[in-house]
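Dear colleague,

Please find below the structure that I am handing over to you. My notes on what was found in it follow directly after.

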Amino acid sequence: MPAPTGRTACVIGSGFGGLALAIRLQSAGIETTVIEARAKPGGRAYYWEKDGHTFDAGPTVITDPDCLRELWALTGHEMAEDIEIMPVMPFYRLNWPDGTNFDYSNDEEQLFREIAELNPADVAGYQRFLEYSEGVYEEGYVKLGHKPFLDFKSMLKAAPALARKQAWRSVYSMVSSYVENEKLREALSFHTLLVGGNPMKTSSIYALIHKLEKDGGVWWAKGGTNRLIAAMVTHFERIGGTVRLHDPVTRVHTLGSKVSEVETHSGFKQRFDAVASNADIMHSYKDLLAGTKRGQSYAKSLSRKTFSPSLFVVHFGIEGTWPGIPHHMILFGPRYKGLLEDIYDHGVLPQDFSIYLHHPSVTDPSVAPEGMSTFYALVPVAHMGKLAVDWQEMGPILEKRILDELERRLIPGLHERIRTKFHYAPRDFAMDLNAYKGSAFSLEPVLTQSAWFRGHNRDDVLDNFYLVGAGTHPGAGIPGVVGSAKATAGLMVEDLVSE
């Protein structure tokens, strides 16, 4: 057990970032309590069990498993004690309306063959792109991914290296400078959508994802991403941490320039030496710090920023097993740039869409009853601040359109095979997760909202109030929020133990 320091901390929210932070604090001997609003831990990594199927709500792609293993290693344990992770291959199958398939993985020989089928000249271009990806991985992930940006000076210090990597250019623009084939340009730029970023606007620094996947692979937690959350909770409690579920925090009280006490819906009140919020960043300031000058002023500042889109997700369980459909698929629509403009800029609900199809039961049959399959189909949609739609009315219509497209392109007789289904819309993100405007990934990951321009890991005014998760540096995605936990934990341990 970690040696106690006599200091206490509260982490509001039990998403990946919140739990990773809590484990780090508890491992440093800081008595840590996690308070979660919902009945199960996980935040966006929530799950449902329906008719024998396990449906994960949130992240399904695990990259850089070493950043997770490190959380156990802090106290001499191994992640394998609590969870088994399974490799996924190919990482993704990309499919276009003309029937073209492209299997993306880190099997170099196979990948070069796939690229050559699209355009032989792009094999050499892809290799040069990979070199670029390795460079931005070193600068953007290894050097800066776990570093808190607390002042503008730290941003200026990082700027020359980022400028050398042309960070002002978009991922799509940078990819296009290396490869000619349009399908390959889409294949190498879509990843930013998995963290809420528009490939046409998100900084080319995000090309580091290719290096991350190439070296670390893509993984699945046996039983579902929810079991990885459960493993983190098990480990946190093993080393002495406390988790309080189904009790939303209603107010973070302040005294002068410090937060003093956390109050919950049930009437629970407790003083802590430090408080970190893994809740939605706008909710943290506008609601939890309501009535404070800092809460009001920063919420006003946040309202002027741009937020990532929301998602519409159809979960369904069907008869039969489908070994020909891989774990992850992207079914591109007839448009790429135009569709992104509709979602990010125009705020309309277009007739066409691109679908991310998740099929976990092909890797892990335990998430479906015998002889059945578990799926979810996800499409990005504009957040509620841009798209004024009655989701109770539109939800069933969009659900049918998505299932129709899957039936037409991939699963014959799909509608007749469905045994259970439900959907999750922007309104649900807003209601269940207090997500501002129903955004699925918090602040949009553009260069002007990155690093110092994003929510700071430690608040500028309230000395002992901290942020962790998608709204703070470095951003969304499992490696991103686990990286934010490392940055925030470093500050909290230094502040608490040195006082």
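Strand E16 (residues 328-331) pairs with strand E17 in the antiparallel sense, over four bridges. Please note that this is a predicted model. In this pairing, isoleucine 330 stands opposite tyrosine 356 of E17. E17 also pairs with strand E18 (residues 372-381), again in the antiparallel sense, here over three bridges. Leucine 357 has alanine 377 in E18 as its bridge partner.

Are the residues on the two faces of E17 (residues 355-358) buried or exposed? Both faces are covered: Ile355 and Leu357 are buried on one side, and Tyr356 and His358 are buried on the other.

I turn now to a pair of helices. The axes of helix H3 (residues 108-118) and helix H4 (residues 122-143) come within 8 Å and cross at roughly 130°. On the H3 side, the contact is made by Leu111, Phe112, Ile115 and Ala116, and on the H4 side by Asp122, Val123, Tyr126 and Gln127. Six of these contact residues are nonpolar, one is polar and one is charged.

Finally, the protein as a whole. Its secondary structure comes to 16 helices and 20 strands. The radius of gyration is 22 Å, close to the 23 Å that the globule rule gives for 499 residues, so the protein is as compact as a globular protein of that length. Of the 499 residues, 60% count as buried.

Yours sincerely

Notes:
Residues are numbered from 1 along each chain as its sequence is written. This is a predicted model: local features need pLDDT of at least 70, side-chain atom pairs count only at pLDDT 80 or more; totals for chains, interfaces and linings use all residues. Side-chain values use heavy atoms; hydrogens and water are left out. Buried means under 20% relative accessible area, exposed over 50%, partly exposed in between (1.4 Å probe, protein chains only). Two strands pair if DSSP finds at least two bridges between them. Axes are lines fitted to C-alpha atoms, for helices over the stretch in contact, and angles run from 0 to 180 degrees between N-to-C directions. Contact means heavy atoms within 4.5 Å. Ala, Val, Leu, Ile, Met, Phe, Trp, Tyr, Cys and Pro count as nonpolar, Asp, Glu, Lys and Arg as charged, and the others, Gly among them, as polar. The radius of gyration is taken over C-alpha atoms; the globule rule is 2.2 Å times the number of residues to the power 0.38.
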